[in-house]
Amino acid sequence: MPHPSPAAEVHRSRLRDKWWPLSRSFSDAGSGWWFAVTLMLIGLVTPLMLVDVPPLTDYPNHLARAIFLAFSSTDPTMSQMFAVKWLVSPNLALDLILPPLLYIMSPILAGKILLSIAAIMPATGAIALNWACYRQRSYWTLAVGLVVYNLPFLLGFINFQIGVGIALWGSAIWIWMARRQPVAGIGMGVLFGLATFFSHLFAFGFYALLIGCWEFATVVQRGWRSHGIVPFAIRHLGSAAIALIPPLILYVASPLAGTEGAVIRRGWATKLSTLSVPVAGYSPLLTYGILTALGAIFAALLVTRRLQIAPFSLIAFPLLTLIFLVLPTGAKGVYYIDTRIPVMMGFLLFAATLPRLPRPIGAAVALAIAALFVVRIALIGRVWIDAQQDVSDVRAVLASVTPGSRVLAVDASSNNLDTAILRSRLMAYGYPNSYWHYAALAFIDRRAFWADAFTLYGQQPVIATPPYQQSSNPGGFPMQDISALASQDPRPKSQKPEYLTNWETKFDYILVMNADSGRNLPTTAWANLHLVSRQRFAMLLKVVR
């Protein structure tokens, strides 16, 4: 093959300089890219370092369970309330990671480390997958920081977030090893398949989709009519199947496979708004501002044909869209499951694309995305700092709770439409409030039982034990309004949760959230309730028998 002439080399070099990817458009030195990555990761963990208890809705519940798993064998008070029940379950990431950390550090610090892992893993996983696809370091992939604090993560779906990170890293390693050591790659694929399965079922589905679409795209690129396509297809598609079979067998054998539960679907308008969850939270204006900016950038790149798209994602995105459209909001006792799909799409959007821009335009795009990232992180940090006052109020009133007692948390504002909910208490309209599981602090601080502990059989490795079981709401959802305690509760008995029937005999304390909502709270309306403490956001009532 003849070598290109010097003139052709010069021309090609000029073209590279003009249309080089964003990663090279204004920084040819690798140190600049690594410095930018470091700044992005520091930004991601900054909100976590600013507060003691990040107001991620489910997080206090998960932290309390980890404390039980770590210390129940030596704490008789804990062992009276709960029992360990390990089963095959695709929802165990934090139950496996967090308890060992508690042996060497405080729960507050261990929780921050876990949440830092949940923030960093998917961000770096998306960067790794992008590199595996293009073999280039790109500043473009740092925009993935915008979707790390997605709404499911703000809701405290930590296992899912960690699982998405493992899925992205696993598929990046799958792609990298497929070109070098395919046999060893299958072994690594099995390990990552198991890791994603035990993290979260949807994370395993994401991993299966990524490596399956990669192998299918490889076969398509080879050509259906090419010589030896049949053994080629069997080898590539079969390797992905081998990596996915063990987790599938485990799922069939798990209690979750046979779990029943009402299927909940929301209207199409609500379904459409769910697409915003990758960047949603606290400020609708910022949410739709980010969506508008990203939409304009992608539209311009597509129209000008300056966006390179990994072939496997052209299969993955339509499949994710189809899954999103048919997936319900709730099933098998789990809620907001359809919010997971837009999050996967958000991470994949930056992992599977690479723009080619002139240097000035590339720099402008990078600065715009960096500005949005800084504003979003600053907002989250500000809101979380504000939320610490509510956390302090809850901990203050719970100081009177005795170990081994039973606590029921109720909301003083959920049906009070005249009260504006503070931004630190409401992440997005239509979703659970950030304080719904603050009652778990009764266990964390006082070793007391709280009704909403996550103890769903087959989904968590902990169950409530008699006599506490009758005071348990295993799914922890939803938080009841204070009116549910009134004797004149208008709901028929069939619609009233069993754990609230004769609640006076099942609980020792009532923890009222949003006590500062302006609602006329009936502190003396029931003769069997006595006011113990009140601290702005929280109020503690003792059940008098």
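Colleague: Which residues form one aromatic cluster with Phe 68?

Modeller: The cluster is made up of Phe 68, Phe 82, Phe 443, Phe 449, Trp 450 and Tyr 468. Bear in mind that this is a predicted model: local features need pLDDT of at least 70, side-chain atom pairs count only at pLDDT 80 or more, and totals for chains, interfaces and linings use all residues. Residues are numbered from 1 along each chain as its sequence is written, and side-chain values use heavy atoms, with hydrogens and water left out.

Colleague: How many aromatic pairs does a search of the whole structure find?

Modeller: There are 23 of them. Rings of Phe, Tyr and Trp (its six-membered ring) pair if their centres lie within 6.5 Å; planes under 30 degrees apart count as stacked, over 60 as edge-to-face, and the rest as tilted. One of the pairs is Phe 68 with Phe 82, which is edge-to-face at 5.6 Å centre to centre, with 70° between the planes.

Colleague: Where do Phe 68 and Phe 82 sit? And are they buried or exposed?

Modeller: Phe 68 is in helix 4 (residues 59-71) and Phe 82 in strand 1 (residues 82-84), so the pair links distant parts of the chain, 14 residues apart. Helices (H or I, at least four residues) and strands (E, at least two) are DSSP runs, numbered from the N terminus. Both Phe 68 and Phe 82 are buried. Buried means under 20% relative accessible area, exposed over 50%, and partly exposed in between (1.4 Å probe, protein chains only).

Colleague: Switching to the core. Which residues touch the most other members of the largest nonpolar core?

Modeller: Among its 155 residues, Phe 82, Leu 129, Tyr 149, Phe 312, Trp 384, Leu 511 and Met 513 touch the most other members. Apart from that core lies another of 18 residues, including Val 410, Trp 503, Phe 507 and Leu 541. A nonpolar core is a set of buried Ala, Val, Leu, Ile, Met, Phe, Trp, Tyr and Cys residues joined through side-chain atoms within 4.5 Å.

Colleague: OK, and what does Leu 129 touch?

Modeller: Not counting residues up to four places away in sequence, Leu 129 touches Leu 168, Ser 171, Ala 172, Ile 175, Leu 210, Phe 312, Leu 348 and Ala 351. Contact means heavy atoms within 4.5 Å.

Colleague: What about Ala 132, where is that?

Modeller: Ala 132 is in helix 7 (residues 107-134), and its relative accessible area of 1% makes it buried. Leaving out residues up to four places away in sequence, Ala 132 touches Ala 172, Ile 175 and Arg 179. Ala 132 and Ala 351 are 219 residues apart in sequence, yet 9.4 Å apart C-alpha to C-alpha.

Colleague: Now helix packing. At what angle do helix 10 and helix 11 pack?

Modeller: Helix 10 (residues 182-199) and helix 11 (residues 201-222) pack at about 150°, axes 7 Å apart. They are therefore roughly antiparallel. Axes are lines fitted to C-alpha atoms, for helices over the stretch in contact, and angles run from 0 to 180 degrees between N-to-C directions. Under 35 degrees counts as roughly parallel, over 145 as roughly antiparallel, 65 to 115 as roughly perpendicular, and the rest as oblique.

Colleague: How far apart are the axes of helix 9 and helix 10?

Modeller: Helix 9 (residues 158-178) and helix 10 have axes 9 Å apart, at about 175°. That makes helix 9 roughly antiparallel to helix 10.

Colleague: And Phe 206, what is it in contact with?

Modeller: Leaving aside neighbours within four places in sequence, Phe 206 is in contact with Val 164, Ala 167, Leu 168 and Met 344. Phe 206 lies in helix 11 and counts as buried at 0% relative accessibility.

Colleague: Last one: how many helices and strands does the chain come to?

Modeller: 18 helices and twelve strands. Buried residues make up 55% of the 545 residues.
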